[in-house]
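Colleague: I have just opened this one. Can you walk me through the model?

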Amino acid sequence: MRALRVLVVDDEPRVVDVLASALRALRTARLEVVGTSDARDALRLAREQDLDLALADYHMPGFDGLEILRAVRERSPRARLVLVTGDGGHLPPQLASCCDALVQKPFSFADLASLALDLLAPSGAPLARRRADVAARGARARSERASGQA
């Protein structure tokens with residue numbers, strides 16, 4: 001059985017490195033993780049590789065994450081797609097419908113890695129519960145930061 005191929009895209013190289021490392025450290029799945037902080041490189045990878053999962057930041061210089069995920073979908077129609085954003089509730093509704101999950105920043109790397117495993121699970125894990133869990137934890141983190149800064 002081949003390793004599952006995962007693409008991680010964010011314009012912050014540190015985020016790419018940490019998330020890619022968190023995914024590689026998962027022992028419950030064989031993952032081949034490729035990460036990039038360059039939107040053009042991400043588009044090239046999306047068009048050249050058969051992927052099982054792609055995680056992309058919405059705001060990228062050059063192309064937005066949605067364009068990258070569309071390129072993944074064209075090449076790999078069965079790939080699971082995750083859009084990561086810090087825009088909160090200000091995103092157009094069609095964004096949520098084109099992705100398997102929409103993750104709000106800030107997020108925990110462990111929670112995002114867990115979501116990735118759920119999305120890659122052949123049984124079709126309960127995504128609605130995971131989406132709500134990741135969103136709730138992000139909201140709690142934002143709230144805790146705001147109250148700590150006051």
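**Overview**

Modeller: Of the 150 residues in the protein chain, 43% are buried; buried means under 20% relative accessible area, exposed over 50%, partly exposed in between (1.4 Å probe, protein chains only). This is a predicted model: local features need pLDDT of at least 70, side-chain atom pairs count only at pLDDT 80 or more, and totals for chains, interfaces and linings use all residues. Residues are numbered from 1 along each chain as its sequence is written, and side-chain values use heavy atoms, with hydrogens and water left out.

Colleague: How many helices and strands are there in the protein chain?

Modeller: Six helices and five strands. Both are DSSP runs numbered from the N terminus: helices are H or I with at least four residues, strands E with at least two. From the N terminus on, the order is β-α-β-α-β-α-β-α-β-α-α.

Colleague: What order do the strands take in the sheet?

Modeller: S2-S1-S3-S4-S5, in an open sheet with parallel pairing. Two strands pair if DSSP finds at least two bridges between them. Strand S2 (31-36) and strand S5 (101-104) are the edges; each has a single partner strand, so one side of each lacks a neighbour in the sheet.

Colleague: Which residue stands opposite Val84 in S4?

Modeller: Asp57. Strand S3 (residues 53-57) and strand S4 (residues 80-85) pair in the parallel sense over five bridges.

Colleague: And which strands does helix H3 touch?

Modeller: Helix H3 (residues 65-75) packs on the sheet and touches S1, S3 and S4. Contact means heavy atoms within 4.5 Å. The direction of H3 makes about 175 degrees with that of S4. Axes are lines fitted to C-alpha atoms, for helices over the stretch in contact, and angles run from 0 to 180 degrees between N-to-C directions.

Colleague: Is Cys99 buried or exposed?

Modeller: Cys99 is buried, because its relative accessible area is 6%. Cys98 is partly exposed, at 30%.

Colleague: Last one: what span should helix H5 have?

Modeller: The 12 residues of H5 (residues 109-120) should span 16 Å, and the end C-alpha atoms are 16 Å apart, which agrees. The expected span is 1.5 Å times one less than the number of residues. Buried residues of H5 include Leu112 and Leu119.
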